[in-house]
Amino acid sequence: MKYLGTPASEGIAIGKVFRYFPYIPVIDPTPVSDEAVEAEGQRYRAAFEQVHGRIETIIEKRAGTEQAEIFQAHLDILEDDTLSDEILEAIAANMNAAQAVDLVYTQYAEVLAAVQDELIAQRAADMMDLRLQLLCALEGKEGADLSQISEPVILVTHDLMPSDTGALDPDMILGIVTEIGGITSHSAIIARSHGIPALFDVENACEKLADGEIVILDARDGILQTEPTAEQFVAYTEKKQQLDQQREEERTYLDVAATTREGDRVSVLLNIGSADEDLDFASHVDGVGLFRTEFLYMGREDLPDEEEQYRLYKKVFEAFAPNPVTLRTLDIGGDKEVRALDLPKEENPFLGNRALRLCFEREEMFLTQLRAVLRASVHGNLKLMFPMVSGLEDLRRAKDLLEKAKEQLRQKGETWNPDLRVGTMIEIPALAVMADLLVKEVDFASIGTNDLTQYTLAVDRVNPAVSHYYQNFNPAVIRLLNYAVTTFRSAGKDISVCGEMGGDRIASVALLGMGIRSLSMGRSSVAAIKKIVCTLDMEQARRSVESACGFATAAEVKSTFQALL
């Protein structure tokens, strides 16, 4: 039988199935008496300390890895006083500790799960992971533990949370199959960081598969093959050997300057989401192509002040100097839970009052960020970028506020880098269509392909029911990208890509063929993209772009670029 899924970490695996069913806590609905409230509070605090200690041990054990960063995020959430205060308040209202933990963590997880930004929505998984750990501690159970795996297997489970991997030996995991998940999930991040093939969204995989059966996992084409024939086994074994050899070769390009065969230098940049993320990777890249600043505003009761923001921005600018850091101003809105803003719920928040639109409404908040960014700019090479710009009116208004922030600093005797460049995200089709006018008013642009694709095709990219309509290689998307890139290149202005397509092997062929010379991505894609830059026949890539713009389907477009790899 052949089952289909979503590739989350490229590769091929052949081996035995090991189905993993994590422990499910049982929550007693019985309230506690007034006399037992204090003891119940102590039970929660003891469970808190147990989980806290376990996470600290994992962070120390995994120091310097992406997994350590994920667990550090867990620790930050666990240490949030607001969560503990609300749990203790619920206990004071006669809930038992398990009920209180379940209530508070589930409420926050549901709010975060509704967020349209995948990276922010992923915090919901963090919340549910911590909920499970605390509940297991309250029951006196060990919780998730995959240390029982003693031979290489293909791990099959409903979902894989970070805590599930705490005792996991990556050498024992040939591949990962889950029933849910996404390419930006922690499971995907961990799989990619260890080079483990992963296939998500395989419906009812735990029910369809049996422990010990031999399967083939093809996380390139999104296929899980059960009961493979001898011919399939031989064919996939050869493909796996070729892919393993390709990965080894790609790793040799990690510290190579990305230069085309014609001698054109291509900037390979990082997407980062916090002041501590990937700073150790700075020497392998040409800077930061997308520095998301939302992390400063999430999960807190107050807005970050100018000084706090200044210190964090300064840290990133210094870490990557003299290379550029492209900082995206605040991109939050009605679809994101920011307790300090008390934002009203919206019928369609993804098209609502978010990002730059919200910053216009909360002008002082925006000016605070702009002042902090400007002050920090003297410590590095800043490129300032505005998100969710729908037209030139938005851009001009944002630039006016930037000048206002400069004047406020001038009056205080503060300085900033006078050479900082100002640009915009191109993620709304209206702005891409107006690229010929936009190019005259910015120093650079960066294309957010995730939003541009979903807005162009009118598809919610995080809705599984319509996910097949989300096509990066749709001819309309390719035409729109090509027009924007050609317009900026003709004007001699920088244009880059910081969306998902920037780190995709096949998509990079299209982007390079269009003339893109700056690609931003996650760290796991850097070596592979550098190799493509250094080895790709750019003339063929250019001709393929011309052909693709005349095709009718996404499949035709994708196969055209894939043929060049």
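At roughly what angle do the axes of helix α18 and helix α19 cross? Please keep in mind while reading that this is a predicted model.

1. The answer is roughly 40°, with the axes of α18 (residues 505-514) and α19 (residues 526-535) coming within 10 Å. That angle makes α18 oblique to α19, and their crossing is right-handed. On the α18 side, Arg505, Ser508, Val509 and Leu512 meet Ala528, Ile529, Ile532 and Val533 of α19. By class, this contact has six nonpolar residues, one polar and one charged.

2. Next, have a look at helix α20 (residues 538-548) and helix α21 (residues 554-562), whose axes come within 10 Å and cross at roughly 170°. An angle over 145 degrees counts as roughly antiparallel, so that is how α20 runs relative to α21. Ala541, Ser544, Val545 and Ala548 from α20 meet Val557, Thr560 and Phe561 from α21. Five of these contact residues are nonpolar and two polar, with no charged ones.

3. On to the rings: the structure holds three aromatic pairs. One of them joins Phe291 and Tyr313, with ring centres 6.1 Å apart and planes at 90°, so it is edge-to-face. Because Phe291 sits in strand β10 (residues 288-292) and Tyr313 in helix α10 (residues 306-320), the pair ties together parts 22 residues apart in sequence. Phe291 counts as buried at 0% relative accessibility, and Tyr313 is buried with a relative accessible area of 0%.

4. Phe366 and Phe386 also pair edge-to-face, their ring centres 6.3 Å apart and their planes at 65°. Phe366 belongs to helix α12 (residues 363-376) and Phe386 to strand β12 (residues 381-386), so this pair links parts 20 residues apart in sequence. Both residues are buried.

Key: Residues numbered from 1 in each chain as written. Predicted model: local features only at pLDDT ≥ 70, side-chain atom pairs only at ≥ 80, totals over all residues. Heavy atoms only, no water. Axes fitted to C-alpha atoms, helices over the stretch in contact; angles between N-to-C directions. Helix = DSSP H or I, 4+ residues; strand = E, 2+ residues; numbered from the N terminus. Parallel < 35°, antiparallel > 145°, perpendicular 65-115°, else oblique. Contact = heavy atoms within 4.5 Å. Nonpolar A, V, L, I, M, F, W, Y, C, P; charged D, E, K, R; others polar. Left-handed = near helix turned anticlockwise from the far one by under 90°. Phe/Tyr/Trp six-rings, centres within 6.5 Å; stacked < 30°, edge-to-face > 60°. Buried < 20%, exposed > 50% of the residue type's maximum accessible area, 1.4 Å probe, protein only.
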